[in-house]
Amino acid sequence: MSLHISLRLLLLFCLEGSRRGQPGAQADEVPSASKTLVWGPGLHANIVLPARFFYIQAVDSSGRNFTTSPGEKTFEVKITSPGEHLTRIWLQVLDRKDGSFLVRYRMYSTYPEIHIHILLKNEHVANSPFILEGPVYHEGCDCPQPSGPVWEAHMRCPDSFPQIDRDLSAFPNVDPDRIAQEIPQRFGQRQSLCHYTVKDNKVYVTTFGEHVGFRIFTDSILLSLTRKVWLPDVEFFVNLGDWPLEKRKLTDKIHPIFSWCGSNNTQDIVMPTYDLTESVLETMGRVSLDMTSVQANTGPPWAEKNATAFWRGRDSRQERLELVKLSRAHPDMIDAAFTNFFFFKHDESLYGPLVKHVSFFDFFKYKYQINIDGTVAAYRLPYLLAGDSVVLKQDSGYYEHFYNELRPWEHYIPVRADLGDLLDKIQWARSHDEEVKKIALAGQQFARNHLMGDKILCYYYKLFKQYAQLQITEPQVRLGMERVEQPTDDLFPCSCHRKRVKVKVPFGTKFLDAALCIPTSAKDAETAVTLTHGAGGDMDFKQLVSLAHALASAGFICMRFTCKCLNLGYRVKAYHAVWNYLKTLEKFTIKHIFVGGRSMGSRAAVALARQLSDSEPEEAVQGVLCLSFPLHPPGRTHDHRQRSEDLRALLEHLPVLFVSGTEDHMCDRVLFEETVKEMKAGVDVFWLKGANHGLTVKGRTEDSVMDEVNLQVLTWLNKQDSRVKAVLAEKDKVLKLIGSELLQTEIRVMYELLYILNNSYRGNKTFKGVKQVEQCINRLKMMKLEAALQDLTELCPDRIQRRAGEWDAPSQPFLEWLCLKVLGGGQLMSCSLSRCSRAFMLSKQQMKLEEFVILNVVITSMVSRLWVICRGILASLSSLYQHLLQLLGEVAEAHPMSFLKEFSLPVDMSQFLPPSDAFLQARLIPQRKKQQEVQQGVKRKANEDLGVSINRGSFLKADLKPFLNSIRASTRRIIQADHGPAFWKNVSKAETFTDLATQLQERLAGCTAHKSKREKHILNFLLLKCRRMKCLEAEGHNVQEKLRTFRQKVLWVLSPQRRGPKSPRSPVLTHWNKRSTNLHSVRSQNKSSALRASDKAKKRKRQKKRSRSSLSGRLRDKQQNKSRCEGTSETSNQNIHNDIDDIFASIGL
């Protein structure tokens, strides 16, 4: 759901961007009815607001947004209800003067259905008429949504609010019993407080202090919320005064107190201000200033506004007096005056006279609005931001609930607390008019997105919900509390559809008590869920009631029934009677039935599912829901085989969901997991951490636990839809392949090879081929295919939405975008296949060269495995694409809103891929048939061609030794510059890696000057290794033995013709030295026999000289080791290791 919010915000941003930076339609042009945009929460029946609203953006025939008003009466809006001659709905169309309109309407009665007609010269605009299938409740209707997460999803609430997280972080937990005693003792005598308890969605309150009249605002918002959503049980205190109260430090014992505003030196929990709260609840009511009316009264256009800073108010702060003084000194820049004196009456003669009140809407005749704190934060800031003037906001220690999301110089112009730079800021604003206009529009957009009525309700609900989760004891209705009653409307009473309907189910000669929870659009509901209780209790068990309401809110018909008999066979018969009753209901068209229950009720549901599977068609039961399944009696784990017999007998097509607590004493987790492995049915298990058999968790409220359980059940039910289930299954396959450890390992191997070979093999064709494979892998990461597929679950509408037509506007565009993403991923995988093949062929061509045998074996193996993995990903993407197209067809048919205008999605991915990869589509069909045969018990031998193993030495059909010996004999000798005696001496005397690094750097500079590239490569690698050891040396590690070994290696590698002292690794280095040839050495095979004989003679001469120098070098090493390592019994042979970095560095790789 967060994706829908993000898209809507992006849509608004795009609208603003087109309005500001792009050429828009002119006022004299005519809007297009078909291209004009309509959106907003007021177009959804399940979003209940005091005053609902939506937006209209005028667009001309060429697709350009209007940036100025096309006329106040351009659009005609009508709201009707079928079958009603008169609707009690007050409607207003507000022109925002920027090419868009805000339509708001307040309902005074509930209607079964309403139609919103939007007309442009008698022609319907966009998808008008918009039909809100009811019942559509008005603000006063007491019909709360039982599931908090469902209500949040309907309201499109943000995932979190930064201010709530910040405020509650100061309280690890809250003890209602403790604060109920301590807060009144600490603050009750001197401050005005309200002590609230919300229990079973009813509000109770008691007050402390004298001035408690402001409790009406808190009462109103709590009553409004409890009419819309079932609030968790919560107990809290509200500060009714202006100033925040909790001034203790975090290290002291602080108390949680809710306040209208906060400050930098207090720890109060901040709510939206009472002024903003009342404006939301009383929009189109008794208030005239609210967030919607401001948007229609923003004054003249920017160019016609007065370039003066404006302020009016009362004398509630010293800085306000200074502002008036500044205004008198600079009347051409500031227009500031008092409308009332209260705190500084004795100074009225200095700062007076008083001026008449100015309508707040007239403020926006001025470009610059000054916002200065009063007694606390100035509560007018939301309305100032909503206008199209820029706000000059004073730096303040007070803040409201949204201040942390505001950004200076982005949403407002900051001014110092003492107003010392106010004149400079005004002067800057005058000289940077375009920049200031952008700041004003950004602040306006912030207010429209974050401070409207729906977001304020979301903030309150999130605050109470997260605070309730901190409570460690149950909230109580304390002594002296009185209930705050909901207002009544006898003239237009509201009938809530969420109230249960009691029914009697025939059962032999008796009747079973049952209750039906019916969704809003019951005529379209095709799926029912039956639930029953455990060995104790009845159908009104709180968990079952909560789940039933959540199911009804999600579009499922839910029936609960009571059967208190403890005989399992009798329970199953009763359950069968309920199942038959549901099948015969004529009021609904029920096609699918899920059976479920809690504890013993879940055993009865499993037994019924087994019976119906034997006697009825497969569709008789769609799935089984088991809450706290009792696998064995308490302490008698040996009985689990008998109780799990029905579970093991369930057929493969039947999905089962288990919801159990980790501390359930009637369900041993080890035995349960063994039972699940033996089941043939598809099983999903949700373990509720810390929950017992009753699904209660210590330290958590019952409501929060039930919300979590309900959400898991709803998610599982929606997954059972065949179309959505197939899409999600294919998505999981792709994600599993992309995130597989095998693929990640091959990528790491490829990166390591490219890192090692980067310097010396850049011109090698094989290296370039592997580099191209790397580019494909990097592009796969950059396109964020995995992240897009992770969001696919939210993009797939559930079964009820598709049948009821309750679509979110971005559904089809999102799916089309995802299809393009999958097509792009498929094309990238196709490119990866071709590049892997090319790298394989290039590496195979160089396999005959002795110096590249090992390297090319590694490369061919790696690219072969990458090719197989990429082929699997491409096949999975192709299958996913087919399912996405089918789902997209359903979406487009139910609610067409095409995003792709000049591009048609191919019916098959093979049409989008190169012809060389089209064969994959043909292979998919036999593979699917093979999978079906395996599922039916038919075993076939796999015929997949994965290649054959290569026997070393047999693929050339010849003896390689003479050939390789000739290559060694003809290897070109490396010519290196002779090193001066000073360098040798300094390296031999180096006592630390720091000294050695200095010598190498000096030598490297000399190589650069003389353009000795070969030696420069060797020195670079040696210096890199030396710097690594230098870091270890700086950390205090003993590296003396490493220093001696490394120094000997430096002297040997950089010596002329590699003579000199050898390190203990000399056999390995000698072996690699013999193989350090280049590709051009093969040409030496064509030399004449005389020249070859001469080369052999020279080689023997060099070997004699090398043996003599090696002998003398070993003698010197022996003497040095004796003097430096005296008393040490172990030799340096213990430190011998084959470091691949050192070996490659020694030969210049």
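What share of the contacts in the protein chain with a separation of 6 or more comes from residues 24 or more positions apart? I looked this up first, and the figure is 74%. I note here that the model is predicted.

**Whole chain**

I then took the overall counts. The secondary structure of the protein chain comes to 37 helices and 29 strands. Of its 1149 residues, 53% count as buried.

**Sheet with β1, β2, β5 and β4**

I went through the strand order next. The sheet is open, has four strands, and reads β1-β2-β5-β4 with antiparallel pairing. β1 (37–39) and β4 (89–95) each have a single partner strand and stand at the edges, so one side of each lacks a neighbour in the sheet. From one strand to the next, the twist averages 20°.

β4 runs antiparallel to β5 (residues 100–107), and seven bridges join the two.

**Helix α12**

I listed its buried residues: Val436, then Ile439, Ala440, Leu441, Ala442, Gly443, Gln444, Gln445, Phe446, Ala447, Arg448 and Asn449.

**Helices α15 and α16**

At what angle do α15 and α16 pack? I read about 65° for α15 (residues 568–583) against α16 (residues 600–615), with the axes 9 Å apart. Angles of 65 to 115 degrees count as roughly perpendicular, and therefore α15 is roughly perpendicular to α16. The crossing is right-handed.

I wrote down both sides of the contact. α15 contributes Leu568, Arg571, Val572, Tyr575, His576 and Trp579. On α16 the partners are Met600, Gly601, Arg603, Ala604, Ala605, Ala607, Leu608, Gln611 and Leu612.

**Helices α22 and α23**

I did likewise for α22 (residues 741–757) and α23 (residues 765–782). Their axes come within 11 Å and cross at roughly 135°. That angle makes α22 oblique to α23. I recorded the crossing of α22 and α23 as left-handed.

For the contact, I have Ile747, Met750, Tyr751, Leu754 and Leu757 from α22. From α23 I have Phe767, Val770, Lys771, Val773, Glu774, Ile777, Asn778 and Lys781.

Terms used: Residues numbered from 1 in each chain as written. Predicted model: local features only at pLDDT ≥ 70, side-chain atom pairs only at ≥ 80, totals over all residues. Heavy atoms only, no water. Buried < 20%, exposed > 50% of the residue type's maximum accessible area, 1.4 Å probe, protein only. Pairing = 2+ DSSP bridges. Axes fitted to C-alpha atoms, helices over the stretch in contact; angles between N-to-C directions. Parallel < 35°, antiparallel > 145°, perpendicular 65-115°, else oblique. Left-handed = near helix turned anticlockwise from the far one by under 90°. Contact = heavy atoms within 4.5 Å.
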